[in-house]
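Please read them beside the coordinates.

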Amino acid sequence: MSVKDKLAKLSSIFHTQSLHRSTSRSHSAFTIVEMVVVIAIIGILATVTIVSYKGVTGHAREVALQTDLSHNADAVDIYQSYEHSYPSGTGNDLNGGQGLKVSNGNKLTYYTNDPTNDAYCIQAVYPATNPTIAFFVTDTKHAPQKGVCSGVTGVLDGAPDSGGDGGGGGSGPPSGFDHSTLATYCSPSYTYNAEPITKITFAGISNSSSVPTSSPTYEDFTTIYATVNVGSTYTINAEGNSDGSYTNYFTVYIDWDHDGTFSETSERYNIGTIDSSTGLDGKQATASILIPTNAVTGSTTMRVRKNYATYIGDACSVGSYGQTEDYGVLISP
């Protein structure tokens, strides 16, 4: 029965009870039945009002996300017209060096295909934590599309194309990643100064970080996360500053079972080396990582370690020269 029919039926009952009360000398006030009818009508009207309000606010939030995307896409185009390439990194050079401009409550992320920077994607989600609404724009699609940047060809290396509205724009907003549930891990250290990791790309992560050897030897980027599916394979690329003519070794650990430790046998990957790199010259170590079919779904941590002269076996051991970065990973079936 529709809301309209329910209201009509309740009004009929109320009218009948009112006539009965007016012709009976023993009834001088509302009966219990009449009061129940009134309360029911009020409840239905309140429900209709709440549903309508949620619909209006949801539409307003979508409009705010799309407006943020359009404004920042215009800023990217202005930058490109002067520099003849799109901004690198996370788009900090946009809007006169102010970076992405975003409305309160929304979260915007800029991706590009460094080092060529001839393609980009901007993703807007709400709310910033555990988003339920998402849109994106690219260098070829200026009209906001529903979905996220994961899988946009030529922009996010190693991110599988999951289709979705707008073509290659993902199957929906990222959901399920919960930073608060991440385990607490050991704190790695180095005997000497940092030889920094300068960029990591992996399954939606595209993070450029500090280059100088005065940087800290540990950096926490666990609010930046990769999105992976069990049984799928993803490419990871790592760049870094070797501080001269030296060879640096990259090791990656992913806590597949979420137990707060990194197994050297089942959760460790030696992904390659770089030599004589400034960290900005595009030299990178590259490897493919297969997500185990027995990986526990949900939020977990990936650790990337860079070390001079040799791979590091233990994720917690002391290195010589190098750096460690931690990232989030959202594992889905």
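1. A disulfide is taken here as a pair of cysteine sulfur atoms within 2.5 Å. The model is a predicted one, and it holds one disulfide. That link joins Cys186 to Cys316, with an S to S distance of 1.8 Å. The angle about the S-S bond is -80 degrees, which makes the link of Cys186 and Cys316 left-handed.

2. Where do the two cysteines lie in the chain? Cys186 is in the loop between strand E4 (145–146) and strand E5 (189–190), while Cys316 is in the loop between strand E13 (298–308) and strand E14 (318–319), so the pair ties together parts that are 130 residues apart in sequence. Cys186 is partly exposed, at 28% relative accessibility. Cys316 is also partly exposed, with a relative accessible area of 33%.

3. On the chain as a whole: the secondary structure comes to three helices and 15 strands. Of the 333 residues, 42% are buried. Among contacts with a separation of 6 or more, 64% are between residues 24 or more positions apart. The accessible surface is about 16200 Å², and carbon and sulfur atoms hold 54% of that surface.

4. Strand E3 (residues 133–138) is mostly covered, with six of its six residues buried. In a regular strand the side chains alternate between the two faces of the sheet. In E3, Ile133, Phe135 and Val137 point one way and Ala134, Phe136 and Thr138 the other way; all are buried.

5. Which strands pair with E3? Strand E2 (residues 120–126) runs antiparallel to E3 and is joined to it by six bridges; Ala124 has Phe135 in E3 as its bridge partner. E4 is also antiparallel to E3, through two bridges, and Phe136 stands opposite Gln145 in E4. The hairpin that joins E3 to E4 passes through six residues.

6. Is Thr324 buried or exposed? Thr324 has a relative accessible area of 0%, and the cut-off for buried is under 20%, so Thr324 is buried. Thr324 lies in strand E15 (residues 322–332).

7. Leaving aside residues up to four places away in sequence, Thr324 touches Pro188, Tyr190, Ile197, Thr217, Tyr218, Glu219, Arg303, Val304 and Arg305.

Technical notes. Residues are numbered from 1 along each chain as its sequence is written. This is a predicted model: local features need pLDDT of at least 70, side-chain atom pairs count only at pLDDT 80 or more; totals for chains, interfaces and linings use all residues. Side-chain values use heavy atoms; hydrogens and water are left out. Helices (H or I, at least four residues) and strands (E, at least two) are DSSP runs, numbered from the N terminus. Buried means under 20% relative accessible area, exposed over 50%, partly exposed in between (1.4 Å probe, protein chains only). Contact means heavy atoms within 4.5 Å. Accessible areas come from the Shrake-Rupley method with a 1.4 Å probe; for residues, only the protein chains shown count as cover. Two strands pair if DSSP finds at least two bridges between them.
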